[in-house]
Amino acid sequence: MASLFEKAALLFPLWVISGVTFSWFFPSVLHGFKGPWITYSLGLTMLGMGISLRTEDFTRVFKAPKPILIGVIGQYTIMPLTGWFLGNFFQLPAPLAVGIIVVSCCPGGVASNVVSFLARGDLALSVTMTAISTVLSVLMTPLLTLWLVGNSVGANASGLFFDTVQVVILPVILGILLNRYTPKFAEKVKIVSPLIAVILITLIVASIIGSGKEAVIRSGFHLISSVFLLHISGYFFGYWAAYFGTKSFVVARTVSIEVGMQNSGLGAVLSRNNFSDPLVAIPAAISSFVHSLIGSVLAGIWRRSIPQEEREKSLISADLP
């Protein structure tokens, strides 16, 4: 049964593509999945992430700091600056330009861990970078967002901080505590939590795309191009920054995936809850679809091209239980 849940969760890109396709043609079906439902769904997803973490996932940074720091710094420099540049370069309408910036300022998401696993990357490194960037997001995501967009489209400064704590930090901390003090319960939850997370993220993305269908059609090429180039730049610059810093192909590929994939669900929640224009959430929804598609292609290529001896040189995989 556990294997069945795992295999279903590993089909994450297919789930997202199917959900978006369905909501595109039948947008009214998910009309009721909005507002607090989106917030609660992301909180539950982050609880599932937290329950899979241990304190060791945070202390690994002291054992092998260089690859982790490269990935986390890349997450909060490459992506936000690229998001700001693309919004201006393509002269997107203000709500969509702000939306690109919001999702670019988010931490790495649990999907990056799934894709790293598929790509035979350094899973311990991926989990650690996601954990560190997620904790930092309580400050970095609101600060970077407000710095780059100012008070555009009615930004709610205090709401950005509060929502990040509410839907990211608190559920992750609760998950870690459950993992530590109720290990038997945590082990049972871990079996189903990845698939639940995949389903909830799919529902979030599909509902936002369905409700914002007209805006997507109007913006068309420029919007899709902006989101596509945002993630391509994350994958590309993340890869080369890590390779030049560590000379390890496995680390480079893992960092590339981590930087290139965002917590788009968080971007959608922050956009929906803290900006007056609902269109701000559209880029985050498209982001989940795009980065999953690109990540899946890269995982398929890298899965076949990483020699076993190179995997064994991974800097911190020995710490993975």
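**Group meeting: contacts, a cavity and a salt bridge**

Let's start with S287. Beyond its neighbours within four places in sequence, S287 is in contact (heavy atoms within 4.5 Å) with V103, V227, H231 and S264. Before I go on: this is a predicted model, where local features need pLDDT of at least 70, side-chain atom pairs count only at pLDDT 80 or more, and totals for chains, interfaces and linings use all residues. Numbering runs from 1 along each chain as its sequence is written, and side-chain values use heavy atoms, with hydrogens and water left out.

Back to S287. Where is it? S287 sits in helix α15. Helices here are DSSP runs of H or I, at least four residues, numbered from the N terminus. S287 is buried, because its relative accessibility is 0%. The scale is this: buried is under 20% relative accessible area, exposed is over 50%, and partly exposed is in between, with a 1.4 Å probe and protein chains only. And what does the side chain of S287 do? It makes a polar contact with the side chain of H231, at 2.7 Å. A polar contact is a pair of N or O atoms within 3.5 Å; within protein, one must be able to donate a hydrogen and the other to accept it, and residues adjacent in sequence count only if both atoms are side-chain atoms.

Stay on α15 and go to R303, which lies in that helix too. Is R303 buried, exposed or partly exposed? Partly exposed, with a relative accessible area of 34%. Leaving out residues within four places in sequence, R303 is in contact with F117, L118, A119 and R120. Take L118. R303 and L118 are 185 residues apart along the chain, yet their C-alpha atoms are separated by 6.7 Å.

That takes us to α8, residues 110–118. Which of its residues are buried? A111, S112, N113, V114, V115 and S116. Just after α8 comes R120, with a positive phi of about 55 degrees.

E258 is in helix α13, residues 249–260. This glutamate is buried, because its relative accessibility is 1%. Not counting residues up to four places away in sequence, E258 touches Q75, G108, S112, N113, S126, M129, T130 and S133. S112 and N113 are also among the buried residues of α8.

A cavity is a set of points on a 1 Å grid, over the protein atoms alone, where a 1.4 Å probe fits but cannot get out. The largest cavity has a volume of about 100 Å³. That volume is the space filled by probe spheres set on the points, with points joined across faces, edges and corners. The lining of the largest cavity numbers 13 residues, each with an atom within 4 Å of a point. Nearest its centre lie V110, A111, I201, Q262 and N263.

Which helices supply at least two residues of the lining each? α3 (36–51), α8 (110–118), α14 (264–274) and α15 (282–305). So α8 and α15 both come back here, as helices that supply that lining. By type, the lining divides into 5 nonpolar, 8 polar and no charged residues. Ala, Val, Leu, Ile, Met, Phe, Trp, Tyr, Cys and Pro count as nonpolar; Asp, Glu, Lys and Arg as charged; the others, Gly among them, as polar.

Charges, then. The structure holds 1 salt bridge, meaning a side-chain nitrogen of Lys or Arg within 4 Å of a carboxyl oxygen of Asp or Glu. The partners are K190 and E187, with the closest N and O atoms 3.1 Å apart. Both lie in helix α11, residues 183–211, 3 residues apart, about one turn of the helix. K190 is partly exposed at 24% relative accessibility. E187 is partly exposed too, with a relative accessible area of 45%.

Two backbone items to check. Q91 is not a glycine, but has a positive phi of about 50 degrees. Q91 is in the loop between α6 (78–89) and α7 (94–104). At 69% relative accessibility, Q91 counts as exposed. K247 also has a positive phi, near 60 degrees. K247 is in the loop between α12 (213–246) and α13. K247 is exposed, with a relative accessible area of 55%.

Last, α12 itself. F236 is in that helix. F236 is partly exposed, with a relative accessible area of 45%. F236 and F22 are 214 residues apart in sequence, and 31 Å apart in space, C-alpha to C-alpha.

Notes: On a 1 Å grid over the protein atoms alone, a cavity is a set of points where a 1.4 Å probe fits but cannot get out, and a pocket is an open set with protein on both sides within 12 Å along at least five of seven lines; lining residues have an atom within 4 Å of a point.
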